[in-house]
Amino acid sequence: MKKLFMFMTLTLALFIASAASVYALPPASGEQWQGIDVSEWQGNINFEQVAASGIKVVYIRSSLGSSYIDPYFQQNYQRAKAAGLKIGFYHYVTARSVPQAQSQARFFAQVIQGKKFDCRLAMDFEDLTNLSAAQATEIGLAFIRETEKVSGKKAVVYSNTYNAGAMFSGALTKYPLWAASYGVSQPSSAVNWTSWAGWQYTDRGQIPGISGYVDRDIFTSAMLLKSSGQVKPDPSPTPSPGTITYQVKPGDTLWDIARRYNTSVAAIAQENNISNPQLIYPGQTLRIRTDAAAPDTDSYTYYTVRPGDTLSHIALRFQTTVQRLASMNKIANPNLIYTGEQLRIPTSNASANATYTVRPGDTLWEIALRNNTSVAHLTSINNIINPNLIYPGEVIRLP
């Protein structure tokens, strides 16, 4: 009986050891380092103290979605670099389609261009609300492929172990996995990967140099690039005859650039395949056509396109023609104008339009600006007592 008991005990121990090896996801081979990942939520970080505490690698959030740059990105990068830490960047993906994913990947590359880093570029795609597994995989794959294409650098997938098993599959699993799994001795093997390259083992880490909690990680050699690199600025496209190139500066809008180069938002958007004219990035290179017909030589004022406007309605309002407005504003497609776009209106026609019917959202200041006059003059000729009080449908006399 004693021998039987010892045999059963040994068998149970072997079974437990075997089960543990089956259900624990192993790390990728190679050296391992202690690391953290940070964003604006950590506030001001003393990276010298972080490095002195034994942290070797830091992943820094650079951006989110299609236009948000982490406000601490520049500061975190400069301080971590000065402290001698190995640096990686990650982008929080919010895309709900392949085109959105590709656009966000290009934005990611533009934000980090010119900065040196040591680790693979990380895709943080964790909000999969209302997406099927197939959609999540397709969008994630589109983002990561576009990131590698435009940056020239290798990428990695960040995911919790649930999504890594239930949502992400197929070709996406060919990229290394940075797994988030808390309160365990090893990440679960119930994922569609065979090993982990990085393991985020807690979101309640505390280390010198950071006030409050921070994500703690273990990173393997699989997270590192073979040599540190940087995303170089996109080379300027070779201008075709009749075009120039312009590099977008911080604070630029497409409307400002269009006015500066005597063209239209629609013309620039069409030339550069821009689907959203409100979304351009510092460092982006635009082609601007200069061989379009010269604008009207008449003097002009500006009109800001409002929601619901059409070029035919604007032409009618200012007693001109669609053809003339299209010519003055270099609009290739008269059916395509954008809310917020400023159009040139020939002043001879603007002044001939003796009245204006107030529309919802109008202010007297906007009407005065649009018609090259002042609020004081409009209140005077219209006997308006309170210039802040005008009504939709009210007819305003213009000078």
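Trp178 is buried, with a relative accessible area of 1%; buried means under 20% relative accessible area, exposed over 50% and partly exposed in between, using a 1.4 Å probe and protein chains only. The structure is a predicted model, in which local features need pLDDT of at least 70 and side-chain atom pairs count only at pLDDT 80 or more, while totals for chains, interfaces and linings use all residues. Residues are numbered from 1 along each chain as its sequence is written, and side-chain values use heavy atoms, with hydrogens and water left out.

A pair of aromatic rings is described by the distance of the centres and the angle of the planes. Rings of Phe, Tyr and Trp (its six-membered ring) pair if their centres lie within 6.5 Å; planes under 30 degrees apart count as stacked, over 60 as edge-to-face and the rest as tilted. By this rule the structure holds 12 aromatic pairs. One of them joins Phe73 and Phe89, edge-to-face, at 5.4 Å centre to centre with 75 degrees between the planes. Phe73 lies in helix α3 and Phe89 in strand β4 (residues 86-92), so this pair ties together parts that are 16 residues apart in sequence. Helices (H or I, at least four residues) and strands (E, at least two) are DSSP runs, numbered from the N terminus. Both Phe73 and Phe89 are buried.

Trp178 has a ring partner as well: Tyr158 and Trp178 form an edge-to-face pair, 4.9 Å centre to centre and with 75 degrees between the planes. Because Tyr158 lies in strand β7 (residues 155-160) and Trp178 in strand β8 (residues 177-180), the pair ties together parts that are 20 residues apart in sequence. Tyr158 counts as buried at 11% relative accessibility. Ring pairs link Tyr158 and Trp178 with Tyr59, Tyr90 and Phe219 into a cluster.

Phe73, Asn76, Tyr77 and Ala80 are buried. They cover an arc of only 100 degrees around the axis, which puts them on the same side of α3; the arc is that of the directions from the helix axis to the C-beta atoms. Gln78 and Ala82, on the other side, are exposed. Just after α3, Gly84 takes a positive phi of about 80 degrees.

A nonpolar core is a set of buried Ala, Val, Leu, Ile, Met, Phe, Trp, Tyr and Cys residues joined through side-chain atoms within 4.5 Å. The largest one has 57 residues, of which Ile36, Phe47, Val50, Val58, Ile60 and Phe89 touch the most other members. Helix α4 (residues 98-112) supplies the largest share of this core, 7 residues. A second, separate core of 15 residues includes Leu254, Ile257, Val265 and Ile288.

Contact means heavy atoms within 4.5 Å. Leaving aside neighbours within four places in sequence, Val58 is in contact with residues including Ile36, Phe47, Ala80 and Ile87. Gln104, which is in helix α4, counts as buried at 3% relative accessibility.

Two loop residues complete the picture. Val305, in the loop between β14 (300-304) and α9 (311-317), is buried, with a relative accessible area of 3%. Val305 and Gln342 are 37 residues apart in sequence and 6.2 Å apart in space, C-alpha to C-alpha. Asn130, in the loop between β6 (121-124) and α5 (133-151), is exposed, with a relative accessible area of 77%. Most residues other than glycine have a negative phi. Asn130 has a positive phi of about 65 degrees although it is not a glycine.
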